[in-house]
Structures are given as C-alpha cells and as structure tokens.
Amino acid sequence: VQLQASGGGLVQAGGSLRLSCAASGRTFSSYTLGWFRQAPGKEREFVAAISWSGGTYYADSVKGRFTISRDNAKNTVYLQMDSLKPEDTAVYYCAAGTRLRVLPNLYDYWGQGTQVTVSS
C-alpha cells in the first residue's frame with residue numbers, strides 16, 4: 001500500500017482544514033487507516049483512526065474537533081479538522097495497518113506527511 005497525504009496549509013486559530021490521504025492497492029478497504037502528527041522536537045503522536053468497518057477512535061486532544069472518515073470507493077481517508085488551535089501545528093501523517101492501534105510502530109505503511117500550521 002502506498003499513501004499520499006495532502007491538504008495541509010496555514011490557517012488561523014479557529015479555522016478548518018481537511019486532510020486527504022489517497023492510497024494505492026486493491027486491499028485498501030481491509031486496512032485500518034490512521035492519522036498521526038509530529039511537532040518539532042516532539043515524538044509522533046496518535047490523532048485518529050478508522051477501522052475497515054468504520055469504527056473510529058480519537059486522541060483526547062482532538063475529540064469533538066476532528067473527524068476521520070474513509071471512502072473505500074476512492075481509496076481515500078480524510079481528516080476534517082475544525083476549531084484548530086496553535087497546538088495542532090505539526091506535520092500530519094497518514095498510516096495503514098491491520099488493526100486499530102494508537103502506537104505508530106504498529107502501522108505498516110506511511111504517507112510522506114503534510115504540514116499544518118495554525119497561527120494565533
């Protein structure tokens with residue numbers, strides 16, 4: 001599976017962005033898809049994930065503000081980010097794995113990352 005993330009950019013606090021991650025491969029629908037982020041000087045952290053059946057899980061820091069979804073017909077997973085805060089600033093990565101997990105080392109495939117910057 002190859003992943004290509006896009007949709008990052010610069011936005012003011014309180015604004016919104018939607019990230020997309022397009023995947024190649026015929027078994028896309030069977031994977032759990034996750035979003036992670038990494039700020040400068042910090043470890044990569046879990047943001048959200050969606051299982052093959054549509055079940056979702058969010059980090060507490062984004063719950064109620066971010067929404068993960070997937071379109072298996074388009075081999076794409078999305079991350080709708082609303083009410084953005086400066087602390088959301090990071091490089092965002094999409095990942096694919098076999099089970100819904102929060103640890104990045106349990107995911108098998110990674111996209112290249114897209115920068116999200118939230119100004120105050």
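Let's start with Trp110. Trp110 is partly exposed, at 28% relative accessible area. A word on that term: buried means under 20% relative accessible area, exposed means over 50%, and partly exposed is in between, with a 1.4 Å probe and protein chains only.

Before going on, the ground rules. This is a predicted model, where local features need pLDDT of at least 70, side-chain atom pairs count only at pLDDT 80 or more, and totals for chains, interfaces and linings use all residues. Residues are numbered from 1 along each chain as its sequence is written, and side-chain values use heavy atoms, with hydrogens and water left out.

Now the aromatic rings. How many aromatic pairs does the structure hold? Seven. Rings of Phe, Tyr and Trp (its six-membered ring) pair if their centres lie within 6.5 Å; planes under 30 degrees apart are stacked, over 60 edge-to-face, and the rest tilted. Take Tyr31 and Tyr109. Their ring centres are 5.9 Å apart and their planes stand at 85°, so this pair is edge-to-face. Where do they sit? Tyr31 is in the loop between strand S3 (17-24) and strand S4 (32-38), and Tyr109 is in strand S10 (residues 109-110), so the pair ties together parts 78 residues apart in sequence. Strands here are DSSP runs (E, at least two residues), numbered from the N terminus. Tyr31 counts as buried, at 14% relative accessibility. Tyr109 counts as partly exposed, at 31%.

Back to Trp110, with its partner Tyr93. The ring centres of Tyr93 and Trp110 are 6.4 Å apart, with planes at 75°, so this pair is edge-to-face. Tyr93 lies in strand S9 (residues 90-97) and Trp110 in strand S10, so the pair ties together parts 17 residues apart in sequence. Tyr93 is buried, with a relative accessible area of 14%. Tyr93 and Trp110 also belong to a cluster: ring pairs link them with Phe36, Phe46, Tyr57 and Tyr107.

Some rings have a charge over them. That means NZ of Lys or CZ of Arg within 6 Å of the ring centre and within 35 degrees of the ring normal. Arg44 lies over the face of Tyr93, 3.8 Å from the ring centre. Arg70 has its charged end over the ring of Phe28, 5.0 Å from the centre.

Next, the sheet. Four strands form an open sheet, in the order S1-S3-S8-S7, with antiparallel pairing. Two strands pair if DSSP finds at least two bridges between them. Which strands stand at the edges? Strand S1 (2-6) and strand S7 (66-71), each with a single partner strand, so one side of each has no neighbour in the sheet. On average, neighbouring strands of this sheet are turned by 15° against each other, direction ignored. Those axes are lines fitted to C-alpha atoms, and angles run from 0 to 180 degrees between N-to-C directions.

Let's walk across it. S1 and S3 pair in the antiparallel sense over five bridges. Leu3 has Ala23 in S3 as its bridge partner. S3 joins S8 through six bridges, again antiparallel. Here Arg18 stands opposite Gln80 in S8, and Ala22 opposite Thr76. Then S7 joins strand S8 (residues 76-81), with six bridges, running antiparallel. Thr67 stands opposite Gln80 in S8, and Ser69 has Tyr78 as its bridge partner. The hairpin of S7 and S8 has four residues between the strands, and in it Asn75 takes a positive phi near 50°. And S8 itself? Five of its six residues are buried, so S8 is largely enclosed by the rest of the structure.

First, Thr114, in strand S11 (residues 114-119). Thr114 is buried, at 11% relative accessible area. Its side chain reaches the backbone nitrogen of Gly8 at 3.1 Å. Leaving out residues up to four places away in sequence, Thr114 touches residues including Ala5, Leu19 and Tyr92. Contact means heavy atoms within 4.5 Å.

Second, Asp88, in the loop between S8 and S9. Is Asp88 buried or exposed? Buried, at 1% relative accessibility. The side chain of Asp88 makes a polar contact with the side chain of Arg37, at 2.9 Å. A polar contact is a pair of N or O atoms within 3.5 Å; within protein, one must be able to donate a hydrogen and the other to accept it, and residues adjacent in sequence count only if both atoms are side-chain atoms. Beyond its neighbours within four places in sequence, Asp88 is in contact with Arg37, Arg65, Phe66, Ser83, Val116 and Val118.
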